[in-house]
Amino acid sequence: MRILGISSMFHDAAVCVVEDGEIQFAAHAERYSRSKNDAFINKDLIGEALAHGVPDVIVFHEKSWAKRLRNRLAGNKHSLSEPTAQQWIEDFYPELRGIKQVQYWHHETHAAAGVLTSGWDQCAVLVIDAIGEFDTTTIWDWKGGKLKKKWSKRYPTSLGLFYSAITHHVGLKPMEDEYILMGMAAYGKPLYTDLLDKCYFKSPLKVDCKVNLQRGIPIDEFGSLRAKAVELEEPDEWGHYAIDYDIAASAQQLIERKIHLLGELAKRKTGHDKLVFQGGVALNCVANSNLHQTFDKTWIMPNPGDAGSALGAAVLHYYNTMGQICQWRGPYLGTNIPGKYPVKTALRALIKGEIFGIANGRAEYGPRALGNRSLCADPRGNEIKDRMNVIKRRQKFRPFAPMILEEHVNDYFEMPGGLTYAPYMQYVARCKHPDQFPAIVHADGTSRVQTVNATDHPELHDLLTQWYEYSGCPMIVNTSLNIKGQPIVNNAREAIEFTHHYNIPVYTHDPRN
């Protein structure tokens with residue numbers, strides 16, 4: 001059986017191909033259209049998916065009729081005139097017409113993407129995002145081969161919409177720049193946590209509260225407070241005011257508290273000591289780290305947002321139809337750039353102190369580069385962070401992440417919950433030697449760590465091992481191979497173009513000899 005999973009029509013569209021229990025392909029639409037967070041599938045993406053064969057069934061990540069009903073009840077008349085994902089297929093993809101179509105619930109495909117890649121027989125599942133059809137937060141019990149919803153919270157209560165609203169409030173782009181808001185938080189003080197809770201949730205730090213987002217940004221004492229501050233301040237070079245950093249810190253503290261409460265609720269509802277965390281809010285790596293206070297183990301698949309639900313829909317349908325779980329082999333599922341991984345070339349660049357890109361093998365499925373579409377450098381030295389931020393045209397306050405040999409991670413970082421395996425850059429850890437590695441340490445002294453072992457990525461492990469033997473440093477800087485506001489480099493042509501446009505060498509392979 002060949003299944004085409006599709007997530008689209010809201011933001012960050014993606015597809016996934018599953019055949020006979022194997023995940024053959026999964027990729028984001030933006031990497032093909034070159035439009036950041038593209039909500040719509042496109043010809044090039046579908047073309048690469050169909051290279052694996054015509055599907056027997058197309059599976060969608062949400063129920064379009066329920067989504068339309070919610071929009072109608074909310075008075076969103078404009079959305080009712082927009083095509084559904086199914087209509088999009090019928091109108092623009094004749095090669096897919098006539099193929100059986102199946103729809104699952106939005107949070108169900110989020111949950112499935114997590115549990116069916118976790119390898120666990122039983123666990124609690126927490127899904128938090130902006131909004132599905134109606135649900136915004138759900139708790140599930142995975143046990144005995146069955147996924148059962150135990151608790152839910154519906155629109156307009158939404159932690160995801162809250163965080164996006166604050167993102168917009170401080171001058172960033174909602175549904176795209178939330179990770180920047182998380183980074184800004186380290187530079188502010190959480191002075192307005194209780195005020196934000198009162199203005200947005202109408203109750204003090206409770207889970208079961210109503211979020212006041214029907215009009216976007218609330219016109220109340222919080223909004224007035226920022227307006228008055230802006231009148232008296234001058235913005236920084238990035239257009240942010242001093243109060244914006246305090247607002248970011250307050251929003252981050254508030255969401256961390258509520259996720260912690262929801263984690264405790266999930267444990268009470270299910271009785272499990274393991275947690276799968278899914279939904280776009282699961283990309284908040286600071287909040288993720290705190291979940292280890294409640295659970296012995298946590299699993300967040302590397303693409304927990306809506307794009308990952310293309311895979312969730314596909315593997316869920318395969319499981320429901322065949323009674324078998326697809327084998328999860330890691331996130332390297334996208335477009336392939338062939339050739340020998342550039343270990344020797346990258347090592348020479350590190351020794352010379354260069355900043356360089358690696359574009360080799362299959363692209364990562366998820367928002368974070370994990371070694372196959374990465375911009376890299378030596379993490380030591382005071383100038384690397386500023387140089388890389390200039391290249392990427394990012395705010396100077398933003399740090400980069402370390403890729404580190406798994407066997408050395410506890411020598412350099414205080415990992416949450418005693419983790420040694422953290423291959424997807426989903427948790428933060430306090431750096432034990434921040435003065436030695438300024439490029440990968442944030443203002444709060446933490447780093448978003450990616451561990452590397454010889455099983456998951458042998459070539460990258462080989463590069464790090466040789467670099468460690470040469471330098472005594474078991475890590476290198478890793479950030480995505482893109483410029484701010486642009487999708488990550490996808491294919492070899494784009495890698496060459498990146499070199500030409502930005503004068504940064506991108507290595508796609510090692511020479512044969």
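Tutor: Arg 2 and Glu 19 form a salt bridge, with the closest N and O atoms 3.0 Å apart. The term means a side-chain nitrogen of Lys or Arg within 4 Å of a carboxyl oxygen of Asp or Glu. This is a predicted model: local features need pLDDT of at least 70, side-chain atom pairs count only at pLDDT 80 or more, and totals for chains, interfaces and linings use all residues. Residues are numbered from 1 along each chain as its sequence is written, and side-chain values use heavy atoms, with hydrogens and water left out.

Student: How many residues apart in sequence are the parts that Arg 2 and Glu 19 tie together?

Tutor: Arg 2 lies in strand β1 (residues 2-7) and Glu 19 in strand β2 (residues 14-19). Strands are DSSP runs of E, at least two residues; helices are runs of H or I, at least four; both are numbered from the N terminus. The pair therefore ties together parts that are apart in sequence by 17 residues.

Student: Which helix holds both Arg 493 and Glu 497?

Tutor: Their side chains meet in a salt bridge of 3.0 Å, N to O. Arg 34, Arg 493, Glu 494 and Glu 497 are linked in a network of salt bridges. Arg 493 and Glu 497 are four residues apart, about one turn of the helix, and both lie in α18 (residues 492-502).

Student: What is the nearest side chain of opposite charge to Asp 129, and how far away is it?

Tutor: Asp 129 lies in the loop between β6 (123-128) and β7 (135-143). Asp 129 is buried (under 20% relative accessible area; exposed is over 50%, partly exposed in between; 1.4 Å probe, protein chains only), yet has no salt bridge. For charge, Lys and Arg count as positive, Asp and Glu as negative; His and the chain ends are not counted. The nearest opposite charge is on Arg 70, at 8.8 Å.

Student: Which side chain makes a polar contact with that of Asp 129?

Tutor: A polar contact is a pair of N or O atoms within 3.5 Å; within protein, one must be able to donate a hydrogen and the other to accept it, and residues adjacent in sequence count only if both atoms are side-chain atoms. Here the distance is 3.1 Å, and the partner of Asp 129 is His 106.
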